[in-house]
Amino acid sequence: MLIWGFKLYSAILTTFAYVCENCQQQSAHHLVKRVRKFTLFFIPLFPVSTKYTDTCTYCGRTIPVPKEQAEQAAEAVQRAA
């Protein structure tokens with residue numbers, strides 16, 4: 001019997017503070033990288049898809065972010081630190 005499936009991994013890349021377009025509140029926003037991996041016998045083997053999202057911590061609004069924009073934002077924060 002073969003046991004296979006998919007698992008979703010999430011990692012917060014960075015946190016920004018700005019005014020949310022949805023709730024109009026100054027709040028923190030998490031830039032999250034979500035990677036879906038193929039698993040065989042509960043062992044993750046390779047990524048199937050990668051998506052980036054921006055989530056408002058005040059209202060919960062989540063929007064997709066292009067890969068290039070997400071990577072540039074993460075690099076800018078690392079350089080500033």
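Phe41 is partly exposed, with a relative accessible area of 42% (buried means under 20%, exposed over 50%, partly exposed in between, with a 1.4 Å probe and protein chains only). The model is predicted, so local features need pLDDT of at least 70 and side-chain atom pairs count only at pLDDT 80 or more, while totals for chains, interfaces and linings use all residues. Residues are numbered from 1 along each chain as its sequence is written, and side-chain values use heavy atoms, with hydrogens and water left out.

Phe41 lies in the loop between β2 and β3 (43-56) (strands, E, at least two residues, and helices, H or I, at least four, are DSSP runs numbered from the N terminus). Although Phe41 is not a glycine, its phi is positive, near 55 degrees. A positive phi, of about 60 degrees, also occurs at Gln24, another residue that is not a glycine. Gln24 is found in the loop between β1 and β2 and is exposed, at 53% relative accessible area.

The largest pocket holds about 170 Å³ of space. A pocket is an open set of points on a 1 Å grid over the protein atoms alone where a 1.4 Å probe fits, with protein on both sides within 12 Å along at least five of seven lines; lining residues have an atom within 4 Å of a point. Volume is the space filled by probe spheres set on the points, which are joined across faces, edges and corners. At least two lining residues come from each of β1 (4-19), β2 (26-40), β4 (62-65) and α1 (67-80). The lining includes Phe16, His29, Asp54, Pro64 and Gln69.
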